[in-house]
Amino acid sequence: MQVTFSVNIFAASKFPPKPYMRNFSFLKLACVTTFFFSFAAISSEAQNKYIKLSGSYHLGLDSNPANAGSGNINSGGSTTRNERVGINYGKGAVYNVALGYMFNGNIGVEMGLGYLKGRKLTTESRYYYPEYYITETNNYETYSRMTLLQPAVVLTTGSGKLKPYAKLGMLLAFGTIYEKQYDALYDLSREISAEYSGGYGFGFQSAAGLTLQANENIDFFMEFTMHNLSYAPEKWMITGAKENGADMMYKYEREVSFSDEFFQDYNAKGEPTKITEAHRIHLPMSTVGLGFGMKVNF
Amino acid sequence: MKLGNIKKVALAATLSLGLSVAAQAQGAYAKLGAGYQFGMGSATVTQTTGSQIERIKLNYGKGVVGNLALGYMFNPNIGAELGFGYLAGAKNESKNVYGNRVEDDTYYSRMLLIQPSIVISAGKEGLNPYAKFGLVAAKGKLVHELEYTQNGVAEMEIEQNGGWGLGLQGALGVEFGLSDQLAFFSELSMSNLSYAPERSEVVAYRYNGTDAMHYLTVRDRETVYVDSYVDSNKGEAMPRERLKENVPFSSVGINLGVKYNF
């Protein structure tokens with residue numbers, strides 16, 4: 001950092017610089033130096049590059065509710081039980097590699113590249129029709145596969161074998177969410193596969209962890225990570241449709257595009273004439289995770 | 001002129017030295033600050049005008065937050081902090097037009113926040129970077145104000161409350177030491193909070209300005225949110241049951257304030 005005076009003191013003088021004026025220049029330099037060295041503690045330590053490899057498991061923090069129902073359906077009235085199942089697409093294992101650079105002993109930056117293998121989430125509903133002695137089952141499963149980009153600022157205490165550190169940065173997610181619905185009633189079955197794709201997830205991430213120095217070049221670390229993320233896909237597309245095992249793709253509207261604004265036409269009954277657009281949705285992916293890994297300094 | 005130059009030099013030296021005098025790195029402290037949080041939510045409501053359907057983002061976590069925190073640094077680098085905050089949620093508004101019916105909806109929150117966290121500090125004098133990581137618990141209410149106009153004006157206010165919101169929070173900040181006791185701080189904070197209210201109640205209902213609450217049964221007025229329920233008609237004298245839903249409260253924001261070291 002450099003300090004400059006807004007007034008050129010020499011310009012105000014009619015006389016050439018005297019010896020004490022040259023001393024003033026030295027004082028100015030001394031002030032600048034003092035000012036600069038007041039930040040010296042932040043910038044005096046050795047710089048350091050590193051690479052990290054880690055794996056972590058994440059649990060969902062927010063979720064969309066899905067309904068798992070059960071009960072008896074009668075023509076004269078029904079009693080059904082509804083149970084909430086939370087769906088969070090960020091839940092699962094994350095494998096990470098990161099490159100980092102420490103500007104000094106305390107502050108650095110890191111760029112992480114991760115792969116989220118989302119856990120398969122399922123719901124099951126079963127309804128019994130006692131008048132017909134048949135059971136209807138509805139099974140639903142969904143999971144995500146995402147690539148994560150994680151630039152972050154790193155802050156560490158900078159000394160000792162056991163060093164706490166913290167990170168805060170952004171999070172970008174690209175990938176696909178898959179889902180499958182299976183319905184069966186008596187001798188009828190239907191299976192529909194679909195996927196959300198396109199678009200991206202944007203959010204923030206932070207972490208707090210401990211680094212244990214094994215030797216001069218290798219550290220091991222453990223960290224708690226928080227992802228604040230939601231995914232906004234561009235489209236939903238049916239990738240497979242079968243009824244009683246036979247392909248029935250032609251019967252279904254294959255693709256729905258998501259947007260912030262669209263126009264919907266209605267028929268005389270007030271029903272939408274064609275559903276190919278819907279308003280953009282944000283699928284929850286916020287999580288907290290615990291991870292372990294190794295860091296190599298070079 | 002000689003004296004004026006020396007005064008300028010003295011002022012410059014004092015400023016440079018003053019900035020290098022840091023607030024003490026250990027011991028108890030108190031922080032007072034305020035900031036604004038931007039929503040990071042995942043919920044939306046639709047806004048319909050004829051055949052045009054528009055998406056309106058809905059996030060109860062955005063708004064102004066005031067904070068008071070008490071902390072203790074065990075050493076120059078590690079400490080713990082307990083923060084208390086109040087979120088005055090910003091209003092989320094939507095307007096739907098269906099022929100001659102116009103519906104205006106307003107959603108906002110009022111929440112008390114409790115934020116215990118671990119503090120990691122560089123322990124530097126002058127300009128000191130730090131980071132925090134911890135939990136956040138929230139309690140308060142969500143408000144939905146509804147006004148629809150069609151051959152008259154109906155106004156309704158619904159409050160959702162009960163239970164605690166839980167989540168995690170983190171922050172990255174910088175302290176600017178002014179003296180041994182006093183420092184300014186500026187921080188970028190992130191909150192990953194999810195809240196699922198336990199109940200909902202119509203607290204006000206007016207038609208053409210006249211109170212109309214007596215027209216509503218208990219089932220119309222009250223809803224209880226649960227993890228599971230049996231769908232059967234329990235009559236108009238019992239609250240309606242519905243499955244719990246998580247309301248988006250996640251946010252990222254900027255906080256500014258002062259820190260006093262004891």
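**Exercise 1. The nonpolar core**

Which residues have the most contacts inside the largest nonpolar core, and how many residues does the core have?

*Solution.* Start with the terms. A nonpolar core is a set of buried Ala, Val, Leu, Ile, Met, Phe, Trp, Tyr and Cys residues joined through C-beta atoms within 7 Å. A residue is buried if 20 or more other C-beta atoms lie within 10 Å of its own, exposed if 12 or fewer, and partly exposed in between, with C-beta atoms placed from the backbone. The largest core has 55 residues. Those with the most contacts inside it are A:Leu155, A:Ala166, A:Ala173, B:Ile120, B:Ala131 and B:Ala138.

This is a predicted model, in which local features need pLDDT of at least 70, side-chain atom pairs count only at pLDDT 80 or more, and totals for chains, interfaces and linings use all residues. Residues are numbered from 1 along each chain as its sequence is written, and chains are lettered from A and ligands numbered from 1 in the order in which they are written.

Two residues are in contact if their C-beta atoms, placed from the backbone, lie within 7 Å. Leaving aside neighbours within four places in sequence, A:Ala166 is in contact with A:Leu155, A:Ala207 and A:Ala208 in chain A, and with B:Ile120, B:Ala131 and B:Phe133 in chain B.

**Exercise 2. The two chains**

Describe the secondary structure, burial and contacts of each chain.

*Solution.* Helices (H or I, at least four residues) and strands (E, at least two) are DSSP runs, numbered from the N terminus. Chain A has 2 helices and 18 strands. Chain B also comes to 2 helices and 18 strands.

For burial, 29% of the 298 residues of chain A count as buried. In chain B, buried residues make up 35% of 262.

For contacts, consider those with a separation of 6 or more. In chain A, residues 24 or more positions apart account for 65% of these; in chain B, they account for 66%.

**Exercise 3. Confidence**

Where in chain B is confidence lowest, and where is it highest?

*Solution.* The score used is pLDDT, the predictor's confidence in each residue, from 0 to 100. Helix H1 (residues 2-20) of chain B has the lowest mean, 44, and strand E4 (residues 63-73) of chain B has the highest, 96. Over residues 9-24 of chain B the pLDDT is below 50, and this stretch has 35 contacts in the model beyond near neighbours in sequence.

Then take the chain values. The mean pLDDT of chain B is 85, with 89% of its residues at 70 or more. For chain A the mean is 79, and 76% of its residues reach 70 or more. Residues 1-46 of chain A stay under 50, and the model has 44 contacts for them beyond four places in sequence. The model as a whole scores ipTM 0.76 and pTM 0.77.

**Exercise 4. Strand pairing**

*Solution.* Two strands pair if DSSP finds at least two bridges between them. Strand E12 (residues 235-243) of chain A pairs with strand E14 (residues 255-259) of chain A in the antiparallel sense, over 3 bridges. A:Met237 has A:Glu255 as its bridge partner in E14(A). E14(A) is also joined by 3 bridges to strand E16 (residues 277-279) of chain A, and these two run parallel. Here A:Ser257 stands opposite A:Glu277.

In chain B, strands E6 (residues 92-98) and E7 (residues 101-121) are antiparallel, with 7 bridges. B:Val97 stands opposite B:Val102 in E7(B). The two strands form a hairpin with 2 residues between them, and B:Gly99 in the turn has a positive phi of about 65°.

**Exercise 5. Exposure of single residues**

Why does A:Asn244 count as exposed, and why does A:Glu243 count as partly exposed?

*Solution.* A:Asn244 is exposed because 11 other C-beta atoms lie within 10 Å. A:Asn244 is in the loop between E12 and strand E13 (246-247) of chain A, and its phi is positive, near 50°, in a residue other than glycine.

A:Glu243 counts as partly exposed because it has 14 C-beta neighbours inside 10 Å. A:Glu243 lies in strand E12 of chain A and touches A:Arg190 and A:Met248, not counting residues up to four places away in sequence.

Finally, apply the count to chain B. B:Asn208 has 10 C-beta neighbours inside 10 Å, so B:Asn208 counts as exposed.
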